[in-house]
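Hello,

Here is the structure I promised to pass on. My notes follow below it.

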Amino acid sequence: MSRIFNFSAGPAMLPLEVLEEVQRELLDCQKSGMSILEMSHRAPVYDKVNAEAEADIKELLGLNEDWCVLFLGGGASLQFSMVPMNFLTEGKIGAYVDTSSFSAKAVKEAEKVGAAVTLFSSKEQKYNRVPRLDEIKLPANAAYLHITGNNTIEGTEYHNYPDTGKIPLIADLSSDILSKPIPTEKFSFIYAGAQKNIGPGGVVVVIARKDFVKGRNKNLPTMLNYEVHMDNKSLYNTPPVFGVYIVGLVAKWLKKQGGLAVMQERNISKAKLIYDVIDKHLDFYRGFAEKDSRSYMNITFGLPSEELEAKFVLEATAGGLDGLKGHRSVGGLRASVYNAMPRAGCEKLAEFMENFYLANR
Ligand SMILES: *Cc1c(COP(=O)(O)O)cnc(C)c1O
């Protein structure tokens, strides 16, 4: 077996140990005599999978009983609609920070539900940075402030989160969830598609304060009401069972690595290997993000010409470094180095970049 280093932005690499465990258990899950793919979501084995995944995520983030963890379908994109449907109350406005095309999509959905305002946008600079905290001026009648923690396409990330006082902070952490510790006391509601950092496509992890979710609009369609999912422990209907199972295994793997502080340290030093090459050859590798907004998950850069970029992708792929083409909307190159990307992958990419520079400068 020769596994390549997959720098794809998502779905992305999963830890090899997790994939091996899935393989070992695929035909007979926890001595049940059947596959996780075949069993009832009401079966005791699945109950345990669901409960442990929730408990392990809470443990990793240091959350107490005031919080719930939900596993939902519909992708992070459905949360763009569900968030305002649940939390954008009459007479208030949804406040948004626009740092990426995903943030813009969230705003667009909120506008369909109620009043929404964009407090800051880096769109004019093609989303090359996140705001300084003093650039966000919250209106008093905000129902919430919504931010995108890591901007997957553009390669920027918040390294500090705003203090919003009494106004609830909501974050789309799809592409940096569980990659570092976060000050959860600042947040009321977090959501993340699992397919970047913690699982396969098809499952969304919601991490929410119970009192924030409780008692919202009872007239919402049942499946779009977070409270229904909270009251039913994500088992109102058939959940994305296989995805939840893998998210649970990844959470256990993260605990085994030493938790989120260890992951953060590793992720920063992995990303640094690549940023260092970019900074060494500034005339050749053109880092996209402003330095203090740089993401430790998605590293975006360009080369002097599109021809060189195409050549880079071709030669990297031939060398076992895959998925480096930038998002179709922005072009250039992007190396996604989530939790599961081994350090060896980043070392190999950094070495490839150094050699590519020498051969093509
Ligand atoms: C990938 C991504 C999304 C969209 O996720 P889907 O699960 O495909 O709907 C939303 N926000 C961010 C930050 C993302 O990285």
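Six residues, Lys-48, Glu-52, Asp-56, Glu-59, Lys-252 and Lys-255, are joined in a network of salt bridges. Bear in mind that this is a predicted model. Glu-52 is partly exposed, at 28% relative accessibility. Lys-252 is partly exposed too, at 36%.

The whole structure holds 22 salt bridges. Two others are worth a look. Arg-129 bridges to Glu-135, with the closest N and O atoms 2.9 Å apart. Arg-129 is buried, because its relative accessible area is 13%, under the 20% cut-off.

Glu-157 pairs with Lys-180, and here the closest N and O atoms are 3.0 Å apart. Glu-157 belongs to strand β7, while Lys-180 is in the loop between β8 (169-172) and β9 (189-193), so the pair links parts 23 residues apart in sequence. Both Glu-157 and Lys-180 are buried.

**The two domains**

The chain splits into domain 1 (16-257) and domain 2 (259-360). Their contact takes 30 residues from domain 1 and 27 residues from domain 2. The C-alpha centres of the two domains are 27 Å apart.

How much area do domain 1 and domain 2 bury between them? About 2,200 Å², with 55% of it on carbon and sulfur atoms. How many salt bridges cross the interface of domain 1 and domain 2? The rule finds zero. Polar contacts do occur: 16 residue pairs between the domains, both residues at pLDDT 80 or more.

On the side of domain 1 that touches domain 2, at least two residues come from each of α2 (44-61), β6 (150-151), β7 (156-157) and α7 (241-257). Helix α7 gives the most, with four residues. By class, that side of domain 1 has ten nonpolar, twelve polar and eight charged residues.

Ser-101 is in helix α4 (residues 101-113). Leaving aside residues up to four places away in sequence, Ser-101 touches Tyr-127, Ile-153 and Glu-154. Leu-220 is 119 residues from Ser-101 in sequence, and their C-alpha atoms are 27 Å apart in space.

Best wishes

Notes:
Residues are numbered from 1 along each chain as its sequence is written. This is a predicted model: local features need pLDDT of at least 70, side-chain atom pairs count only at pLDDT 80 or more; totals for chains, interfaces and linings use all residues. Side-chain values use heavy atoms; hydrogens and water are left out. Domain bounds come from an automatic or database domain assignment. Contact means heavy atoms within 4.5 Å. Buried area is the accessible area (1.4 Å probe) that two parts lose on being put together, summed over both. A salt bridge is a side-chain nitrogen of Lys or Arg within 4 Å of a carboxyl oxygen of Asp or Glu. A polar contact is a pair of N or O atoms within 3.5 Å; within protein, one must be able to donate a hydrogen and the other to accept it, and residues adjacent in sequence count only if both atoms are side-chain atoms. Ala, Val, Leu, Ile, Met, Phe, Trp, Tyr, Cys and Pro count as nonpolar, Asp, Glu, Lys and Arg as charged, and the others, Gly among them, as polar. Buried means under 20% relative accessible area, exposed over 50%, partly exposed in between (1.4 Å probe, protein chains only).
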